[in-house]
Amino acid sequence: MTAEQIIAFLTFSIVGAITPGPSNVMIMATGSLVGLTRGLPCVLGATLGMSSLFFCAGLGLAQLFLLYPLTLTIMNLIGAAFLFWLAWKIAMADVAQVKGDAKAVGFLQAAAFQWMNPKGWLIAVSGVAAYSSASPGSAFGLAATFAVLFFVAAFPSGLAWLMAGALLQKLLQDARIARALNIVMAIVLAGSVVTIFV
């Protein structure tokens with residue numbers, strides 16, 4: 001990739017990573033439950049999971065979805081159903097458990113979550129489709145470049161969402177505030193899924 005292509009792809013990646021979506025809601029919720037330090041594996045897992053999605057898209061998944069758009073639609077519908085279910089679980093979560101013993105979303109769960117995230121699929125497929133046409137070279141090298149560049153752009157974005165959640169941690173000792181935040185995060189999560197299909 002040329003310097004101009006790298007800058008363009010990094011810009012695309014930063015915008016895709018920092019905007020509200022299912023992963024950022026998950027990271028923020030984790031920060032609000034367990035704080036900054038214990039939430040770091042969630043950020044690392046989400047970022048590496050999404051980078052692996054870019055890598056696989058660069059190796060050929062994007063071509064499959066472009067040739068057979070119904071495949072991506074089906075995957076998006078399955079992912080959307082999962083995310084609506086997750087939004088319901090967040091809205092109904094027991095706020096009495098917002099204490100120091102709360103369980104964080106771990107590295108593996110956060111990484112696997114990316115493969116169920118419709119926004120993640122759309123960003124990976126559209127990014128690879130848009131930026132690989134002008135990028136000659138081996139598929140493996142290009143896929144690895146996409147993965148590394150996305151990681152560089154997304155990790156700081158994830159940290160920002162984690163810090164925002166950690167700042168809310170003290171407020172969440174009040175059960176009413178915790179319940180309200182859960183409902184708001186559930187609505188944002190469900191809303192982020194709806195925007196994918198409009």
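**Reading a predicted helical chain: a tutorial**

Tutor: From its unreviewed entry, UniProt places the feature "transmembrane region" at residues 6-27, 39-61, 67-88, 121-140, 146-168 and 180-197. UniProt positions are given in the numbering used here, feature names are shortened, and annotations may be inferred rather than shown by experiment. The model is a predicted one, in which local features need pLDDT of at least 70 and side-chain atom pairs count only at pLDDT 80 or more, while totals for chains, interfaces and linings use all residues. Residues are numbered from 1 along each chain as its sequence is written, and side-chain values use heavy atoms, with hydrogens and water left out.

Student: How many helices and strands does the protein chain have?

Tutor: Helices (H or I, at least four residues) and strands (E, at least two) are DSSP runs, numbered from the N terminus. By that rule the protein chain has seven helices and zero strands. Two of the annotated spans can be compared with this assignment. Residues 39-61 are 100% helix and 0% strand, with their end C-alpha atoms 30 Å apart. Residues 146-168 are 96% helix and 0% strand, and their end C-alpha atoms lie 33 Å apart.

Student: What span does helix 6 reach from its first C-alpha to its last, and what is expected?

Tutor: The expected span of a helix is 1.5 Å times one less than its number of residues. Helix 6 (residues 139-167) has 29 residues and reaches 42 Å, close to the 42 Å expected. Helix 5 (residues 118-132) has 15 residues and reaches 21 Å, close to its expected 21 Å.

Student: Where does helix 6 bend?

Tutor: The bend at a residue is the angle between axes fitted to the seven residues ending there and the seven starting there. Helix 6 bends by about 30 degrees at Ala154, and a proline, Pro156, follows within four residues.

Student: Which residues of helix 5 are buried?

Tutor: Buried means under 20% relative accessible area, exposed over 50%, and partly exposed in between, with a 1.4 Å probe and protein chains only. In helix 5 the buried residues include Pro118, Trp121, Val125 and Ser132. An α-helix has 3.6 residues a turn, so residues three or four places apart point the same way. Across the protein chain, buried residues make up 43% of the 198 residues. Ala80 is found in helix 3 (residues 69-91) and is buried, at 4% relative accessibility.

Student: Is Phe140 buried or exposed?

Tutor: Phe140, in helix 6, counts as exposed because its relative accessibility is 56%. Leaving aside neighbours within four places in sequence, Phe140 is in contact (heavy atoms within 4.5 Å) with Phe55 and Leu59.

Student: Which residues does Thr30 touch?

Tutor: Thr30 lies in helix 2 (residues 22-67) and is buried, with a relative accessible area of 2%. Not counting residues up to four places away in sequence, Thr30 touches Gly35, Gly39, Cys42, Ala104, Val105 and Leu162. For the chain as a whole, residues 24 or more positions apart account for 90% of the contacts with a separation of 6 or more.

Student: How many disulfides does the structure hold?

Tutor: A disulfide is a pair of cysteine sulfur atoms within 2.5 Å. The structure holds zero disulfides. Cys42 is buried at 0% relative accessibility, whereas Cys56 is partly exposed at 27%.

Student: How many aromatic pairs are there?

Tutor: A pair of aromatic rings is described by the distance of the centres and the angle of the planes. Rings of Phe, Tyr and Trp (its six-membered ring) pair if their centres lie within 6.5 Å; planes under 30 degrees apart count as stacked, over 60 as edge-to-face and the rest as tilted. The count comes to seven aromatic pairs. In one of them, the rings of Phe9 and Phe146 have centres 4.8 Å apart and planes at 50 degrees, so the pair is tilted. Phe9 lies in helix 1 (residues 3-18) and Phe146 in helix 6, so this pair ties together parts 137 residues apart in sequence. Both Phe9 and Phe146 are buried.

Student: What are the centre distance and plane angle for Phe54 and Phe150?

Tutor: Their ring centres lie 4.6 Å apart and their planes are at 25 degrees, so the pair of Phe54 and Phe150 is stacked. Phe54 lies in helix 2 and Phe150 in helix 6, so the pair ties together parts that are 96 residues apart in sequence. Phe54 is buried at 0% relative accessibility, and Phe150 is buried with a relative accessible area of 4%. Phe9, Phe12, Phe54, Phe146 and Phe150 form one aromatic cluster.
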